[in-house]
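Look at the fold below before reading on. The text then moves from whole chain to single residues.

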Amino acid sequence: MRYLPKSPAEREAMLAEIGAASIDDLFAVIPAEDRLNRDLDVPRAQAESEIIDYFRAAGRKNATNYASFLGAGCYRHYRPVIIDSLVQRGEFLTSYTPYQAEITQGTLQAIFEFQTMIAELTGMDVANASMYDGSTGAAEAVMMAVRVTGRHKAVVAATVHPEYREVLATYTKHQGLPETLISYDRETGRIDLVALAEQVTEETAAVLVQSPNFFGVIEDIPAIAEIAHAKGALLIVSIAEAVSLGVVRPPAEADIVSLEAQSFGVALSYGGPFCGVLATKEQFVRQMPGRLVGQTVDGNGNRGFVLTLSTREQHIRRENATSNICTNQALVALMATIFLSVYGKEGIRELAEHNLAKASYAAQTLSSQPGAKLRFTGGPRFNEFVLQTEESPAVWSQRLLDAKIVGGIDLSRWYPEMQNCTLWCATEVISRANIDTAARVLTANPVEA
Amino acid sequence: MEAITKVRPHQTQNEALLFEKSSPGKRGYMLPPLDVPAVNAAALLGDAHRKASGELPELSEIEIIRHFTRLSTWNYAIDLGMYPLGSCTMKYNPRVNEWVARIEGLADAHPYRPVALAQGILEIIDNLQRCLIEITGMDAITLQPAAGAHGEFTGILLVRAWHESQGNARKKILIPDSAHGTNPATAAICGYTVENLKSNSEGGIDLEALARQVDEETAALMLTNPSTIGVFESRIAEIAEILHAKGALLYMDGANMNALVGKARPGDFGVDVMHLNLHKTFSTPHGGGGPGSGPVACKAFLEPFLPTPILTQDENGARCWNYDRPQSVGRVRAFYGNVGMFIRALAYILANGPEGLRQTTEDAVLNANYIRKKLEDVYELPYKTASMHEVVFSDKRQAARGVKTGEIAKRLIDYGFHPYTVSFPMIVQGALMIEPTESESLEELDLFIAAMRAIAREVEETPELVKTAPHSTRVSKLDEVQAARKPVLRWRPSKN
């Protein structure tokens, strides 16, 4: 076996040193009836070339040459080459969680830089070292708000990603934490502020909204914050499309921001690994879950970094910890840090403006086709929009697929009232030609195909 | 002081924070020309327009490459040498895994693409599921959890849902005092109270105490097997019987599965539900603290409760997702889990095959026992029970000279090794928890043993040398008290 650095003679010599007659002696502690006395029924050992062939063939079974207008919590952005060059350095890739600070300063400094960038972009004071993803991050944020406020009710916008809401429901089910769902304004696609004001009470721990929301519409964060804060509830803003922060006003009025950083240079990879992260105000940091890197000095006064405030965490506090999270998404956070270093202060704005322009053009072009119209025109959008068609999406989406285009995703899957409505995303990687073709095929006479 | 032969100091570059190196106007990117009309962002977004940009650094590409390359050289890594962290399974991370995870068609697959365009990735997921079910001897699996602790959460939710279906969710989870901290934290977030189970004189489960403590309000026992002292619970079948007789379930923390693959299967010794750590047993990289992946495997009676969606096949044999699962505990993560890790884990299983997986386990156990044999005369072995894939010593003899496990660990750095796991499990006073994995050659093991023996001598002769270690790192011991008292968790622009 090519990964095992021992010769048969070395194994024998080691057994002799131990005083074991055979390797089976070392497994004698496992009762005979519990031992597996046959080969595992898994595929035979394969050469590296065979492994590559197998996965290449699998990759080809997934169509690769399609233009895609899919977004909905997972965004295709260009990934600078140096991201993979750097994260594949063994010193980053094959290092453990940096508990031994003296020999993990590289990881620690990079996480400190990540925390700083996320705080800068979200308008919060501090950010943690990462969460699993945006969905679990939002759920953890709600539980954090429960700890901060001592209250046990959550108010959630229906325009939060439906799968995020499902995860939240799983997390809160056994916490005695009822949730109230707030619907959206049928014209603007934004949370219904009147209903929100009615539902937020002195018992509300947190109001959870997403912005840009699941329909791509940017919420009125100052107005929502005012309603939440008037009753002493915390405002949690979930952000699924992180690139929006280049041009969209950060949710500075929020108490907790739960960001999915996948857009910052992380491959789609069929939905993971991604990179959640929580950011918050200074005064709440001790209730924040997840790892935190802090700056300190060594015995000679040199600046250095350590994992800190670990009395919040499970390895110290056990059942009283802020969360059970241990391993998070460190290498993915490193990808995001490199991505943000490449684009920088100016680049992230320029990139976001390109997204705005592409989506604006796509929305205009697609909705100007006969039988198609744009929904939720009353609120500002970033790179996603909802298109309503007279024809069923099931019909035209096949036409688009025949033209090697994956169109918008059918929203009636989650919102039964939104028949014939689809959510489209256009990032900087979609070309004008793709958009024009999609528009043409969308309303093309089906007989043609 | 002994001559240290494994390492010599070499220069590392100093490197400031990215923000301190930034200079306005420098760029590391160029966007292609916009092929659609430019828009006026301020006009389009109105009040939602961002006025002030975040203070991100402005750097050129070469500076970014140097920055992160310099930082990387400050890290220790498996690629540099033995990383004997107990319970962490720091094994070799094969590079072909990284290569195949980046194949076009896999890395760029959107999770909502029509399943007809995702058959390749669904086939990979299906194959990995089948392999893991076979390896664990269980009946069903979900790959959705993103890490081990997330898997524990999912597993205990299954336990709870099953009990609820039987009419009573029950109140408590039993957890041995040797368990990982994630176990009690998990039980708590699933709405259970934690009842501590004291280990017996051999560090294992005390069956009589267990029988006394299990009652009709016990939902499950969370058991790590082999335990955190690296010992197989040889009376595991009886443990399962005691639990099952009272309607309680046996949850296995699979953190130590590297001791069992191909040699014994939890499903064959009474485990009802368990999680795996793909980033431990199945070689996906730790990456400085993730991403991980924590699949949960279970017996058939728990299958209806698995998170949605689950992978299935339609009438034409095409793979697809089934969302119609009325008894499911719900979703634990958006989309389908850390799919990129699934690809890597399957590549690892394919590279090994049945013989390789078994040999891997045997080598892991052989390495741990070799270290035990070569160090047990200088370090106290608190439990004489046979070791599996890791060995746990105590610092009893060294502590008598005023030197603690944490200090010995730091001194190990000077000898060119990453420390073992310090002060865990808590049932061992001053634990030194050593897990070599199968990836260490005899040469590397002998160097490690020599280093540990040399440090033991230093404790006798020059204890201050050990207590003030490490002496060879870029930074000396860092002030953790100051870090926690006045937390500085981000860089801020200086006000001038």
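What follows is a short walk through this predicted model.

Start with chain B as a whole. Chain B holds 15 helices and 12 strands. Its C-alpha trace spans about 75 × 70 × 45 Å along the principal axes. Of the 496 residues in chain B, 59% are buried. Among contacts in chain B with a separation of 6 or more, 73% link residues 24 or more positions apart.

Next come the domains. Chain B splits into domain 1, residues 97-349, and domain 2, residues 362-472. Taken over C-alpha atoms, the centres of domain 1 and domain 2 of chain B are 31 Å apart. The two domains of chain B do touch: 14 residues of domain 1 are in contact with 17 residues of domain 2. On the domain 1 side of that contact in chain B, 5 residues are nonpolar, 7 are polar and 2 are charged.

Now turn to the contact between the chains. Chain A contributes 162 residues and chain B contributes 170 residues. Which element supplies the largest share of the side of chain A that touches chain B? Helix H11 of chain A, residues 330-367, does, with 24 residues. By class, the chain A side that touches chain B comprises 77 nonpolar, 49 polar and 36 charged residues.

Chain A also contains an open sheet. Four strands of chain A form it in the order S11-S12-S15-S14, with antiparallel pairing. Strand S11 (372-374) and strand S14 (409-410) of chain A stand at the edges. Each has a single partner strand, so one side of each lacks a neighbour in the sheet. S11(A) meets strand S12 of chain A, residues 384-389, through 3 bridges, and the two run antiparallel. Within this pair, Lys373(A) stands opposite Gln388(A) of S12(A).

The backbone of chain A has some details to check by eye. Begin with the cis peptide bonds. One runs from Ser211(A) to Pro212(A), with omega near -10°. Pro212(A) sits in the loop between strand S5 (204-210) and helix H9 (221-230) of chain A. Another cis peptide bond joins Gly272(A) and Pro273(A), with omega about 5°. Pro273(A) also belongs to a loop, the one between strand S7 (256-260) and strand S8 (276-280) of chain A.

Then look at phi. Ala72(A) is a residue other than glycine, yet its phi is positive, near 55°. Ala72(A) lies in the loop between strand S1 (67-68) and helix H3 (81-87) of chain A. Is Ala72(A) buried or exposed? Ala72(A) has 25 other C-beta atoms within 10 Å, and 20 or more count as buried, so Ala72(A) is buried.

Ser130(A) is another residue other than glycine with a positive phi, near 140°. Its place is the loop between strand S2 (126-127) and helix H6 (134-149) of chain A. Ser130(A) has 32 other C-beta atoms within 10 Å and is therefore buried.

Key
Residues are numbered from 1 along each chain as its sequence is written. Chains are lettered from A and ligands numbered from 1 in the order in which they are written. This is a predicted model: local features need pLDDT of at least 70, side-chain atom pairs count only at pLDDT 80 or more; totals for chains, interfaces and linings use all residues. Two residues are in contact if their C-beta atoms, placed from the backbone, lie within 7 Å. Ala, Val, Leu, Ile, Met, Phe, Trp, Tyr, Cys and Pro count as nonpolar, Asp, Glu, Lys and Arg as charged, and the others, Gly among them, as polar. Domain bounds come from an automatic or database domain assignment. A residue is buried if 20 or more other C-beta atoms lie within 10 Å of its own, exposed if 12 or fewer, and partly exposed in between; C-beta atoms are placed from the backbone. Two strands pair if DSSP finds at least two bridges between them.
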